[in-house]
Amino acid sequence: MSKRDVASVPPESKRNEEPSELLRELVAHLRQNRTQLREEWVVRISETRLLTAMTKEEIFAEATSVYDSYVEALETEAFEALQAYARNLSERIIPRGVETHEVVGIVLLLRDVLARSLFAKYQNDFKKLNRILDAYEPAANRIANTVAVGFVQERERVIRQQQEAIRELSTPVLQVRERLLILPIIGVIDPQRARQLTEQLLRGIRTNRAKVVVIDITGVAAMDVTVANHLVQTVEASRLLGATVIVTGLSPEIAQTLVTIGVDLGKMNTVGDLQGGIEQAERLLGYKVATLAEPR
Amino acid sequence: MEVPILKQGAFLIATFQAALSDADLNQLRMGLVQQVVKFRSRAVIVDVTAMDVMDSFASRTLREIAHMIRLRGAETVIVGIQPEVAFAMVQLGLTLEGVATALDLEEGLAYLNEKFKTTN
């Protein structure tokens with residue numbers, strides 16, 4: 001339908017005006033009033049105390065690019081560019097401690113600022129305002145959605161990456177003497193990490209031909225019944241590979257857990273601290289540590 | 001497939017092949033228990049390196065072999081359990097309690113030599 005056809009139809013069927021045409025009008029309005037609306041938005045952002053981690057200049061710069069990509073997304077109804085921008089923005093601001101509610105908050109603020117300017121512009125033509133809002137609202141909501149989802153996805157990606165890094169760092173199997181391994185465990189053990197620890201330990205026993213393993217859990221504050229059971233199973237599996245396991249550094253809470261689940265203490269070899277564990281391991285391996293001279 | 005039983009000095013060595021039927025396991029059990037007295041062996045080493053799956057029957061048979069050998073006056077060492085197999089066995093509750101284990105054949109021989117050194 002060309003523009004000329006629209007002009008020739010009677011006024012009441014103007015209701016059927018193309019939404020895309022309305023959007024175009026809307027976009028033109030937003031472009032025209034860019035400076036003023038952007039200013040208003042930034043003021044609203046600082047009023048509501050969002051993005052406190054960023055300076056005024058930074059907020060203004062980001063606001064400008066968000067505003068432009070926002071209008072562009074309204075115009076083209078293509079959200080890929082906005083999505084990419086949201087991801088890029090998240091990448092920059094997540095390390096500075098910007099929270100999800102802030103990002104969602106500023107996008108919703110922009111939506112409201114723009115809606116108000118539409119109210120002001122079309123206040124004398126209520127029907128037209130309604131139609132403009134019909135075109136504006138779904139697009140605006142979709143934009144808000146896109147930005148929020150982009151931010152959350154980026155955050156999840158960062159969290160996953162950090163978890164991965166922690167996991168890799170946190171499971172060293174160390175050889176301290178010929179045939180003696182130490183497995184120091186620090187932090188919270190969830191079932192997944194417990195499984196990984198076991199795998200690494202059993203593999204380590206095989207590759208290092210270990211006879212004695214000291215598992216030090218001084219750095220573990222508490223463990224649930226599942227993980228405690230897993231620890232006992234690890235001890236038994238190590239024995240099947242011909243290695244003796246000594247567990248050291250049990251906290252009172254963990255001792256309580258082990259007693260509660262009724263561990264057969266004959267299978268568990270425990271020593272109070274890591275030093276005692278290593279000394280016991282050396283005895284088992286037939287080492288004798290002697291002082292050659294008085295320490296200087 | 002029948003499991004060969006090798007005589008190595010005072011010890012008997014039986015090496016498991018990949019897939020053993022229950023009948024093979026039963027045959028091995030009887031073979032070991034008979035030969036341990038026939039050769040006046042002091043110990044039996046069962047090498048399970050080739051087994052990447054250990055079902056409950058195989059595991060139970062291993063334990064029975066160990067206990068029967070002990071009643072016949074000798075000792076048993078199970079060697080070469082794979083790490084994955086070891087953990088799977090423990091999860092099934094098959095911990096071979098009361099049976100000596102070692103990493104591989106070499107370790108098993110070292111363990112037995114050490115053990116019988118003093119009584120030689």
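Let's start where α9(A) meets α3(B). On the chain A helix, the residues are Q233(A), E236(A), A237(A) and L240(A). Facing them in α3(B) are A86(B), F87(B), M89(B), V90(B) and Q91(B). Keep in mind that this is a predicted model.

What classes of residue make up this contact of α9(A) with α3(B)? Six are nonpolar, two are polar and one is charged.

Now the geometry. Two packed helices are described by the angle between their axes and the distance between the axes. Here, α9(A) packs against α3(B), residues 83-91 of chain B, at about 130°. The axes are 8 Å apart. The crossing is right-handed.

Step back to the whole contact between the chains. Chain A puts in 12 residues, and chain B puts in 13. Which elements of chain A give two or more residues to the side that touches chain B? They are α8, spanning 191-208, and α9, spanning 225-240. The largest share, five residues, comes from α9(A). By class, this side of chain A has four nonpolar, three polar and five charged residues.

Last, chain A as a whole. Its secondary structure comes to 11 helices and five strands. How much of the chain is buried? Of its 296 residues, 30% are. Then there are the contacts in chain A with a separation of 6 or more. Residues 24 or more positions apart account for 81% of those.

Notes: Residues are numbered from 1 along each chain as its sequence is written. Chains are lettered from A and ligands numbered from 1 in the order in which they are written. This is a predicted model: local features need pLDDT of at least 70, side-chain atom pairs count only at pLDDT 80 or more; totals for chains, interfaces and linings use all residues. Helices (H or I, at least four residues) and strands (E, at least two) are DSSP runs, numbered from the N terminus. A residue is buried if 20 or more other C-beta atoms lie within 10 Å of its own, exposed if 12 or fewer, and partly exposed in between; C-beta atoms are placed from the backbone. Two residues are in contact if their C-beta atoms, placed from the backbone, lie within 7 Å. Ala, Val, Leu, Ile, Met, Phe, Trp, Tyr, Cys and Pro count as nonpolar, Asp, Glu, Lys and Arg as charged, and the others, Gly among them, as polar. Axes are lines fitted to C-alpha atoms, for helices over the stretch in contact, and angles run from 0 to 180 degrees between N-to-C directions. A crossing is left-handed if the near helix is turned anticlockwise from the far one by less than a right angle, and right-handed if clockwise.
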